[in-house]
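Subject: Handing over a two-chain model

Dear colleague,

I am passing on to you the structure that is shown just below, together with notes on what was found in it. Please keep the structure open while you read, so that each name can be looked up as it comes.

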Amino acid sequence: MINSLYAVDNIVILQDKFPKNLSDFSFFEDTQAQIPSKGVIPYELISSLFSDYSYKQRWVYVPKGKKAIFNQDEVFDFPVGSALIKTFYYPLDERDLSLGKKLMETRLLLRKTHGWEAVSYAWNETQDEAIIKKAGKTILNEWIDFKGEIQSVRYRVPNKNQCKECHTTNDTLTPIGPKARNLNKVFDYQDESVNQLTKWMKVAYIDEIDIELNTPVNWEDKRHSLDARVKSYLDINCGHCHSSTGGANSTGLYLDLTENRPTHRGIYKKPVATGRGSGGHEFSISPGNPEESILLYRMISTDPGVMMPESGRSLSHKEAIEMIREWINKMET
Amino acid sequence: MQNLFFIFSCALLSFALNAKHVFLSPSVNSQEEIQEALIDLEPGDILTLEQGEYFFEDGLSLDVDNVIFEGSGINNTILNFGDQISGAQGLLVTSDGVTLRDFAILDAKGDAIKVIGADGISMIRLRTEWTGGPKETNGAYGFYPVESKDVLIDGCVAIGASDAGIYVGQSRNIIVKNSVAQYNVAGIEIENSYYADVFDNLASHNTGGILVFDLPDLPQQGGHHVRVFRNKAINNDTDNFAPEGNIVGEVPRGTGIIIQANSDVEVFDNDIYGNGTVNLSIVTYGYDTDDENYNPHPKSIQIHNNRFGDGGFDPDVGTGELAAILFELSKGDMPDIFWDGILPMNQMLFGQPDEERLIISNNGEASFLTINPIKYMLPFFDPVERDISKYDGEIKPLPEVILN
């Protein structure tokens, strides 16, 4: 009986209308402190999407007695009633995380009977509840970065349609992150440190699978080759749209891990309907010439008519820009 | 039968009764109000923006099937994106069967209206405009349906796009009519598309008036069945202001109509004049490509019963290669109709198959120039041929496009 007090509300997940408050789902035993309820398990991805330097905490929920099905190169096929929960926040001071954080929004992907639905809840000023924002919201925030410098961001909580812009494969809303290969790493659960896939097997969220997978590398981990790091970064940041099944398939530029044709990966590829997004450059990637490559130009830009990705970013990702610059520079011409 | 009609009428009526009609007026919260209304629409609903000017910092998007999003007139309901901070377009539509009508989108930072993957989209009496005149920093496209089916653009106005005012890409079943495209790089562009009718439009004061293009390395290519008729492609005299790298950046100022690659294109009953470089060009895609599925050559092109006027009086030899080459070959006597003559090697030697032949008939006094590529490669031969009568032939009209 005590456990049930903190159980996720399966009915709220499946009902037609989204509830007003995040706490109505009971995903958290303590919503404000983000302490998950029973059956809500934290996870991390090996490489993650850049979202204006925000930090992300992720959880997965699979209803009792059901299982997600493994797919080699796709996200797990989660059963009806599952939820993927992601909270975006900024530490007050990146040099000392114990000083606290500012919660921005919690995004939900809910597996309903007819498919996935996406919705976001923006945290209130008092940080004790997150409230549904179907039309999105702008939040101005400041934080102190690793160097002790004050940074500011015009953070955009996406509207429901913008969620779909990225989360679409073959015109169907789908999660992006939780592919087996992206989860294939050790995670520090409070009671043990263990591979996330092993943990999911243990709690019977999935059946036994072989974890010898073609796993991407953490793009930040410099022990890996530059090429592998870049591929991984482009896959998670661009490949959900820029793939032959994604929202940007009309461009012919495909940056997902499975694409190997040089032209389609951008090498000497001419722009199609790029407009001023080309920045006056001739090719997506001009080997040896990072400053003449459209791909880098659009990563650097913060002009809404030029920048990539189109949404979810208002700042430039300096560290990634440096990496891509070096990578294009070192390419054989 | 009467009973059946009665039941059908009732069904329609109840559909209409359940649908809601939402009205909004300009307010300080227009961004959130309109976006929320667009999200909350259900199939059959109508959202009307009352007369006035609405200001946005972010793009708008619509993802509900079979709704109408309308204003109160092309000059009365203004959606102003001059202060846009985020969003790659003014309005993005990703659903099927949507009608947009009677409003204007001004100064979007990227494209004004983009429609992706729609099964049915109608854009009626809309205006997209960049109000600062032709500038490289203007958004690329005014109207930009892509990967869509059953596309109608009717009575629209497109001004100032740094790529194309009206651009239909990788789509099928398309009608563009009664519209005006001015001061864009390309006025109207049909690219990698199947079955398009472009008629009763005015394309003037662009760099190039009407473009029918096909490009390699794309999911849909091999554009075919495009009819361009009863248009005015006149006085296209704006310097090319496209950012470099884009294919339209190669279009010389003063181009009436260009057909590049594509098959089965019929151009007839148009007025084409006042274009300082060339009134009409038929050309091969000019870049190397290793795309084996791509055909860079135009074929089965028919040009007939057009009215040509003055052209070629001010060739833009500084943009792209076409104008400079043509100017040199023609020794300054620029033709109304130019075909680059480039064909697959076997056809250069043995001629085009009959059904793929270029036909040019009944175009009044229009002058013509083509290059004989074999002679071009050999010394001592003049490769220029100007005899238009060789291209006379029977017209095989292409079928009319009918939208579902």
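Across the boundary between the chains, 37 residues of chain A are in contact with 38 residues of chain B, where contact means that the C-beta atoms of two residues, placed from the backbone, lie within 7 Å. On the side of chain A that touches chain B, β10 (150-157) and α2 (160-166) of chain A each supply at least two residues, and α2(A) gives the most, with four residues. Such helices (H or I, at least four residues) and strands (E, at least two) are DSSP runs, numbered from the N terminus. By class, this side of chain A divides into six nonpolar, 19 polar and 12 charged residues; Ala, Val, Leu, Ile, Met, Phe, Trp, Tyr, Cys and Pro count as nonpolar, Asp, Glu, Lys and Arg as charged, and the others, Gly among them, as polar.

Before going further, please note that this is a predicted model, in which local features need pLDDT of at least 70 and side-chain atom pairs count only at pLDDT 80 or more, while totals for chains, interfaces and linings use all residues. Residues are numbered from 1 along each chain as its sequence is written, and chains are lettered from A and ligands numbered from 1 in the order in which they are written.

Chain B holds an open sheet of 12 strands, paired in parallel in the order β1-β2-β5-β8-β11-β14-β17-β20-β23-β26-β29-β32, and two strands are said to pair if DSSP finds at least two bridges between them. The edge strands, each of which pairs on one side only, are β1 (21-24) and β32 (359-361) of chain B. From one strand to the next the twist averages 5 degrees; axes are lines fitted to C-alpha atoms, for helices over the stretch in contact, and angles run from 0 to 180 degrees between N-to-C directions. Packed on this sheet is helix α2 (residues 30-40) of chain B, which touches β1, β2 (46-49) and β5 (68-70) of chain B, and whose direction makes about 170 degrees with that of β1(B).

Which residues of α2(B) are buried? They are Ser30(B), Ile34(B), Gln35(B) and Leu38(B), a residue being buried if 20 or more other C-beta atoms lie within 10 Å of its own, exposed if 12 or fewer, and partly exposed in between, with C-beta atoms placed from the backbone. These residues lie on the same side of α2(B) because they cover an arc of only 115 degrees around the axis, the arc being that of the directions from the helix axis to the C-beta atoms. What covers them includes β3 (52-55) and β4 (58-62) of chain B.

Asn173(B), in strand β17 (residues 172-177) of chain B, has a positive phi near 65 degrees although it is a residue other than glycine, and Asn173(B) is buried, with 20 other C-beta atoms within 10 Å. Asp52(A), likewise not a glycine, has a positive phi of about 55 degrees; Asp52(A) lies in the loop between β3 (40-43) and β4 (55-61) of chain A. Finally, a cis peptide bond, with omega about -10 degrees, joins Met308(A) and Pro309(A), and Pro309(A) is found in the loop between α6 (294-300) and α7 (318-329) of chain A.

With best wishes
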